[in-house]
Amino acid sequence: MRVPIYLDNNATTRMDPRAVASMLPYFADHYGNAASKTHPFGWEADKAVQTARRQLAELIGARPPEIVFTSGATEANNMAILGSAAARNAGAAGAEKVAAGRGGHIVTSRIEHKAVIDPCEILEKRGYEVTYLTPADAGVCTAEQVAAALRPDTFLISLMTANNEIGSVTPIREIGALAHDRGILFHTDCAQGVGKIPIDVEQSHVDLLALSGHKFYGPKGVGALYVRSRKPRVKLAPIIFGGGQEQGLRPGTLNVPLIVGLGAAAQLCNDELDEEMTRLGAMAERLYSGLQGAVGGVSINGHRQQRLPGTMNLAFEGIESDALLLALPDVAASSGSACTTGSVEPSYVLRAVASDAQARSSVRFSVGRFNSDSDIDYAVLRVAQIVRELRQKTRRPAPVQRLS
C-alpha cells in the first residue's frame with residue numbers, strides 16, 4: 001500500500017514549508033513580546049506582527065488596523081456574534097430589553113458551522129431571536145431569502161462565505177449590499193473562503209469576517225477577525241477580559257511565531273490564488289468525472305457551479321459513506337465536518353440539502369495545494385474498487401436455509 005493520499009483539505013491543510021520557514025526565527029532567536037515598547041526585542045516582534053497584519057489585510061481587501069488576531073475562526077465567530085449583540089444592548093436599558101426578550105433579531109442559516117450556530121443558540125436563550133434560513137438552491141442562501149427574513153429589529157446577518165462540507169459559495173456581495181442599505185451588520189464565517197477564492201470586504205460590504213490559518217496552509221491555533229473601521233465603524237463589546245491587546249477586543253500575549261506564519265501563508269495565497277483556483281478546480285473535476293466513469297451512480301452535493309474549486313462532496317448510490325471510508329485507509333476523506341464526524345448521524349448540512357439516504361452515502365473530498373493529478377488518479381482507482389465491492393455485497397442474494 002502506498003503512502004495515504006490526503007484529500008481532506010477542508011478539515012485542515014498541510015503547512016506550506018515557506019510559511020514554516022518564516023516562523024522559525026521567532027521561536028528562539030527573535031523572542032520578544034510584541035507589547036514590549038521600550039526595547040529592541042519588543043520592537044522587532046511588533047514589526048513582525050504588523051507585517052503579518054498587512055499581509056492578511058491585503059488578502060481580503062481590508063486595512064491593517066482592521067485585523068484582530070485570534071486563536072482561529074471559532075473564536076473570531078464568537079467575538080463577532082456575541083460581541084455585536086453585547087454592544088447593541090450595552091447599559092441598563094439594553095439589559096432590560098434582553099431580559100424582556102427584545103434583545104434583537106439575527107438572520108443566519110441551518111448549514112452554518114457550529115461556531116456560528118452555537119453562539120446564536122446561546123443568544124436565543126438570553127432574549128434574542130434568530131431566523132435560520134434553509135438554503136434555497138443546492139446549499140446556497142440567496143439575497144431574496146435574506147430580504148424576506150429581515151425585520152425592523154434585525155441587527156445582524158451571519159452567513160458563511162463557503163460551506164465547509166459541500167463547498168457551495170454564498171453570494172456575499174449581494175447580501176452585503178442588502179445589509180449595508182438597511183444599516184444591518186453583515187458577518188461572514190470565511191474560514192473556507194479565504195485563500196481559496198477572491199475576497200474583498202469593501203466590495204462585498206462585509207462588516208465582520210472570521211478566518212483561520214490552518215485552512216489556507218498556515219499554522220493551527222491562529223486566525224483573525226476583520227472588524228470594519230469606517231462606513232460604518234463597527235463597535236464590538238469584548239467577550240474576554242484581562243488586557244488591552246488587539247484594541248481591547250482580544251486580550252493576551254500575541255503568539256508572534258504563529259502570527260508570522262499566518263501572514264506568510266496569506267501572502268502566498270495572494271500571490272498564487274488565480275493559478276491555484278484553476279489547478280484545484282481541474283483536479284476536483286478529474287476526481288468526479290473519473291469516479292462517474294468508473295462506477296456510475298455518483299452525484300454532486302451542493303451547487304454545481306457556485307462552489308469552492310477544490311471541494312467535491314459526492315453521493316455514491318447504494319453504499320454507506322462510513323463503510324467506504326473504513327475500507328479506504330489509503331485515501332483520507334471525510335463524511336462531514338471535522339468538528340462533527342464523531343456523530344453517527346448524517347451531517348446536519350447534508351440533511352438540509354439532500355435526502356437522508358443521499359446524506360448517508362456522501363463523502364467529502366477536498367483537494368489542496370500539495371495534491372497532484374497522480375493522487376487523484378490513485379484515489380479514483382481505490383474508491384471505485386471499494387464502491388464496486390460494497391455494491392456487490394449489498395446485491396448478493398441471501399443464502400438458502402436448508403430444512404433439517
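The accessible surface of the chain comes to about 17700 Å², and 53% of this area belongs to carbon and sulfur atoms. Accessible areas were computed with the Shrake-Rupley method and a 1.4 Å probe; for residues, only the protein chains shown count as cover. The model is predicted: local features need pLDDT of at least 70, side-chain atom pairs count only at pLDDT 80 or more, and totals for chains, interfaces and linings use all residues. Residues are numbered from 1 along each chain as its sequence is written, and side-chain values use heavy atoms, with hydrogens and water left out.

The chain contains 13 helices and 12 strands. Along the principal axes, the C-alpha atoms fill a box of roughly 85 × 55 × 45 Å. Of the 404 residues, 55% count as buried. Buried means under 20% relative accessible area, exposed over 50%, and partly exposed in between, with a 1.4 Å probe and protein chains only. Among contacts in the chain with a separation of 6 or more, 73% involve residues 24 or more positions apart. A contact means heavy atoms within 4.5 Å.

An open sheet of 7 strands has the order β2-β8-β7-β6-β5-β3-β4, and its pairing is mixed. At its edges stand β2 (67–70) and β4 (129–133), each with a single partner strand, so one side of each is left without a neighbour in the sheet. Two strands pair if DSSP finds at least two bridges between them. Neighbouring strands are turned by 20° against each other on average, direction ignored. Axes are lines fitted to C-alpha atoms, for helices over the stretch in contact; angles run from 0 to 180 degrees between N-to-C directions. Strands β7 (residues 208–212) and β8 (residues 223–227) run antiparallel and are joined by 5 bridges. Within this pair, L209 has Y226 of β8 as its bridge partner. Helix α3 (residues 40–60) packs on the sheet and touches β2, β7 and β8. The direction of α3 makes about 110° with that of β2.

Strands β5 and β6 run parallel, with 3 bridges between them. Here S158 has H187 of β6 as its bridge partner. Strand β6 is mostly covered, with 5 of its 5 residues buried. L185, H187 and D189 point one way from β6, while F186 and T188 point the other way. Helix α6 (residues 114–126) lies across β3 (105–109), β4, β5 (154–158) and β6 (185–189). This helix runs at about 145° to β4.

A further open sheet has 3 strands in the order β9-β10-β12, with antiparallel pairing. Strands β9 (298–300) and β12 (362–366) stand at the edges; each has a single partner strand, so one side of each lacks a neighbour in the sheet. Neighbouring strands of this sheet are turned by 30° against each other on average, direction ignored. Between β9 and β10 (residues 311–316) there are 3 bridges. S299 has A315 of β10 as its bridge partner. Helix α9 (residues 256–295) packs on this sheet and touches β9, β10 and β12. Its direction makes about 15° with that of β10.

In soluble globular proteins, nonpolar side chains tend to be buried together. The largest nonpolar core holds 88 residues, of which I60, I157, L209, F216, F316 and L324 touch the most other members. The largest share of this core, 16 residues, comes from α9. A nonpolar core is a set of buried Ala, Val, Leu, Ile, Met, Phe, Trp, Tyr and Cys residues joined through side-chain atoms within 4.5 Å. Not counting residues up to four places away in sequence, I60 touches I67, V194, I199, D200, V201, L209 and Y226. A second, separate core of 27 residues includes V130, L225, L236 and L249.

Two exposed residues complete the description. E317 lies in the loop between β10 and α10 (321–326) and is exposed, with a relative accessible area of 58%. Not counting residues up to four places away in sequence, E317 touches G297 and R391. R395 lies in helix α13 (residues 373–395) and counts as exposed at 62% relative accessibility. R395 and G318 are 77 residues apart in sequence and 9.3 Å apart in space, C-alpha to C-alpha.

Definitions and conventions. Helix = DSSP H or I, 4+ residues; strand = E, 2+ residues; numbered from the N terminus.
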